[in-house]
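Please examine the sequence and the coordinates shown here before reading the report.

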Amino acid sequence: MQGSQQTAALMNAVYIERYAKNQKPKFGRLPMPSAKANQVLIRVKSASLNPRDWLLMRGIYPVKKLAEPFPITLGSDMSGTIIACGSAVKALTVGDDVFGMQPIKGKFGALAEYATIDASAVALKPETLSHNDAAAIPCAGMTSFQALRDLAKLKKGEHILVNGASGGVGSYAVQIAANIGARVTAVCGPTNQELCRNLGASETIDYRLENFETYQDKYDVVYDVIGRSSPKKCKNCLRENGRYISTIPSLSMAFQSLASKILAGFRFGGGRTAHLILVKPHGNDLAAMADLITSNKMKSLIDSTYPFDEVYKAFDRIQTWRAKGKVIVEISE
Ligand SMILES: NC(=O)c1ccc[n+]([C@@H]2O[C@H](COP(=O)([O-])OP(=O)(O)OC[C@H]3O[C@@H](n4cnc5c(N)ncnc54)[C@H](OP(=O)(O)O)[C@@H]3O)[C@@H](O)[C@H]2O)c1
């Protein structure tokens, strides 16, 4: 495919032309992107939504200054087929089915018929994994995969509490922790207690009835997916050397995370540490997660699936904060 033809051709895409609190994304024609040397161009089959998509749309995404100029095509997670490779891409080829995510530092573009993505940020999609199940994994799945492996260093037999267990990030966390052999307590709403037990939680807490922060020396790890707690509030419920992990970037969490890295326990007492996860796109981590799914040790929990031209409904759904797992948009056959 000629580069000049790629830039001239138009494709359907979901985009914004400004930031606004109450807007819906636009569905229309935008120029097709073309792959840089280290990128692949993907014919997108399925994409999944993440809170970062609507946070950006509303203008409250923490690093929106790093986003590309308007119009910005939304979407981070995708699964599809490679139709062109940049000159430096050696390990992938046209026709490969792959899935991956854009880096959280301001890159988007998955909610379109065609998207470019760094070759290092994708993994080959196993044949037995559907495009919908693969598109569900990247941002939410890898956040939990990297948080539990690299920050919590969660071990078999340890007790982890997952706050926000029934959503995209939390549903993967419960399953990854259960696979490690940890004891999992899932915090979720009243209608999701059984769902979380089926994902591998041995105990559940309905946050409307019970406050886990009031317990004493109970958890080795508090994984606060939804960011409603804090290191200070978890000081009592965490055991000695316990780890508090948040997904929500704030100045306070960044500072406490840094303090914990430099001098464990400095901010927190009893060797307890606080960490902020910032997910990094990594093909090898995606491949490891796909392995867990194809060997039936984990699944992508799909909340709902929408056709491309009903993407507004997908945005309405994810903005409720009530999704049970991932919201999927089917882009093409
Ligand atoms: N730092 C990073 O690298 C990174 C990466 C990915 C995501 N994130 C952030 O992580 C957060 C979660 O993302 P997500 O994809 O999991 O969102 P999501 O799927 O939209 O979360 C929906 C879930 O939140 C739960 N929830 C709502 N209020 C709750 C409460 N008070 N207590 C416990 N659970 C509650 C709901 O459970 P119930 O219906 O059962 O109440 C629902 O299942 C977002 O803020 C996102 O921006 C950060």
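## Model and confidence

This is a predicted model, and the mean pLDDT of the protein chain is 95, with 96% of its residues reaching 70 or more.

Where pLDDT is low, the predicted coordinates should not be read in detail.

## Overall form

The secondary structure of the protein chain amounts to 9 helices and 16 strands. Its C-alpha trace spans about 65 × 40 × 40 Å along the principal axes. The radius of gyration of the protein chain is 20 Å, which agrees with the value near 20 Å that a compact globule of 333 residues would have.

## Two domains

The domain assignment divides the protein chain into domain 1 (3-137 + 300-330) and domain 2 (140-276), and the centres of domain 1 and domain 2, taken over C-alpha atoms, are separated by 28 Å.

Between the two, 9 residues of domain 1 are in contact with 10 residues of domain 2. On the side of domain 1 that touches domain 2, the residues divide into 5 nonpolar, 2 polar and 2 charged.

## A three-stranded sheet

An open sheet is formed by 3 strands in the order β2-β1-β4, with antiparallel pairing; its edge strands are β2 (26-31) and β4 (72-73), each of which pairs on one side only.

Strand β1 (residues 10-16) is joined to β4 by 2 bridges, and these two strands run antiparallel. Within this pairing, I16 has I72 of β4 as its bridge partner.

## The shell around the ligand

Which residues of the shell are the closest to the ligand? The ligand is surrounded by 33 residues, of which G167, G168, V169, C188 and G189 are the closest. The elements giving two or more residues to this shell are α2 (51-57), α4 (138-151), α5 (168-180) and β10 (183-188).

Both domains take part, since the shell draws at least three residues from each of domain 1 (3-137 + 300-330) and domain 2 (140-276). Sorted by class, the residues of the shell around the ligand comprise 18 nonpolar, 11 polar and 4 charged.

Terms used
Residues are numbered from 1 along each chain as its sequence is written. This is a predicted model: local features need pLDDT of at least 70, side-chain atom pairs count only at pLDDT 80 or more; totals for chains, interfaces and linings use all residues. A residue is near a molecule or strand if its C-beta atom, placed from the backbone, lies within 6 Å of it. Helices (H or I, at least four residues) and strands (E, at least two) are DSSP runs, numbered from the N terminus. Ala, Val, Leu, Ile, Met, Phe, Trp, Tyr, Cys and Pro count as nonpolar, Asp, Glu, Lys and Arg as charged, and the others, Gly among them, as polar. Domain bounds come from an automatic or database domain assignment. Two strands pair if DSSP finds at least two bridges between them. Two residues are in contact if their C-beta atoms, placed from the backbone, lie within 7 Å. pLDDT is the predictor's confidence in each residue, from 0 to 100. The radius of gyration is taken over C-alpha atoms; the globule rule is 2.2 Å times the number of residues to the power 0.38.
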